[in-house]
Amino acid sequence: IQTWSRALLAAGIRKGDRVAMLCTPRAEFWIAFLAAARIGAIWVGLNPKYTVRECEYVLGDATPRLAFMLASANGQSFAEHAAALGDAGRDIVSIGGTLPGAVDIADFLDAGRGVAEARVDAATAAVETLDPALIVYTSGSTGSPKGAVLSHYGLSYGASMQAVHFALDQPGIVVSFPINHVASVADTCATTLVRGGKIVFQEHFDPVASVEQTVRERCSMMAGVPTMFQMQIAEASFADADFSALELILWGGAAMPVDCIETLQKLGKRMLTAYGMTETACHVTYTDADADLAVLATTVGRPDPHCRIRIQTDDGSPAGVDNPGELQVQGQFLMLRYWNRDEATRATFTDDGWLKTGDLAVVRGDGNIRIVGRLSDMFKSGGYNVYP
């Protein structure tokens, strides 16, 4: 991380500059993020599934000074992406191969060797708690991608809060979430980091390989959206896997089918479902450790005691037990704003500072919250928002 931080400073990156990266989930992604955050730069993840046009949109909005790019992944070359970015005047650093107009990662890192350690320390010392560290582009509830700006505090506090609920000592986890998704940077990588755990990167999700890696690396945690667990369970090898080191099974992003929960319960592991969104920077509700099948299948649990959550009706009054309303969250860990979207930011927060999630929910008599719909029409697929 020190080497990458020096190289970023040598390349002219300063506090507040954006640094983008198009990459699969692998070590270079996490090192680049931590190095950029360390010196106060703002990191932006790009999904290898982005088309050139989608990539141009995000980079045109975030206007990074530098972009790291994987040369190829899964047989796809990113030369066209690199050429488009180069034409837009972006400095590009290539990883794992050659790209047009790009500097090779080895040369990029070598250029930073002359940067004094004191300079890195000074850049680090200048970073404030609520400075932005990450921009995550999310389609929100309108279909128009917006960059949610998350702070150092939001990521650190959120990861620490989640780690309490995960209740694992030095957790180990296989991570295959795309690097542009909050589930990758915050929910898994950052939460594992604050507990001194082990991250096993998988460049693309494979139901068989992910189970094999979980077993081989003796990971204590499996996490994903329900679709991922459904695919794993459907493989014949799942039934014979040695999950003796596994302690926790966690899912979010959608409701898990009852039959899948029943299959997972047979493993005899602690199970947890949680609720959060990009704009909250972390999960804000969690089921209890002893939650039964009905609670796991139909609710997202209770609010974390350190989170302020309310459910409001259309007229702004509390919804009350078993009555639907919009779920709203308040806290300093929430996103700072939408990048370049002042109007959207104002529309997302109430006048008294509560984040409007756009999710309709009811609180049951036992305190567990059930999500019952969205304020806008939208499908959820694999943790992503898909519009009719």
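Helices (H or I, at least four residues) and strands (E, at least two) were taken as DSSP runs and numbered from the N terminus. The structure is a predicted model, in which local features need pLDDT of at least 70 and side-chain atom pairs count only at pLDDT 80 or more, while totals for chains, interfaces and linings use all residues. Residues are numbered from 1 along each chain as its sequence is written, and side-chain values use heavy atoms, with hydrogens and water left out.

Helix α2 gives the most to the lining of the second largest pocket, with five residues. A pocket is here an open set of points on a 1 Å grid over the protein atoms alone, where a 1.4 Å probe fits, with protein on both sides within 12 Å along at least five of seven lines, and lining residues have an atom within 4 Å of a point. This pocket is lined by 16 residues, of which F33, L34, A37, H152 and S156 lie nearest its centre. Two or more lining residues come from each of α2 (27-38), α7 (152-166) and α8 (182-194).

The structure also holds 12 salt bridges, each defined as a side-chain nitrogen of Lys or Arg within 4 Å of a carboxyl oxygen of Asp or Glu. In one of them, the side chains of E203 and R26 meet at 3.5 Å, N to O. Because E203 lies in the loop between β11 (198-201) and α9 (207-216) and R26 in the loop between β1 (18-22) and α2, the pair ties together parts that are 177 residues apart in sequence.
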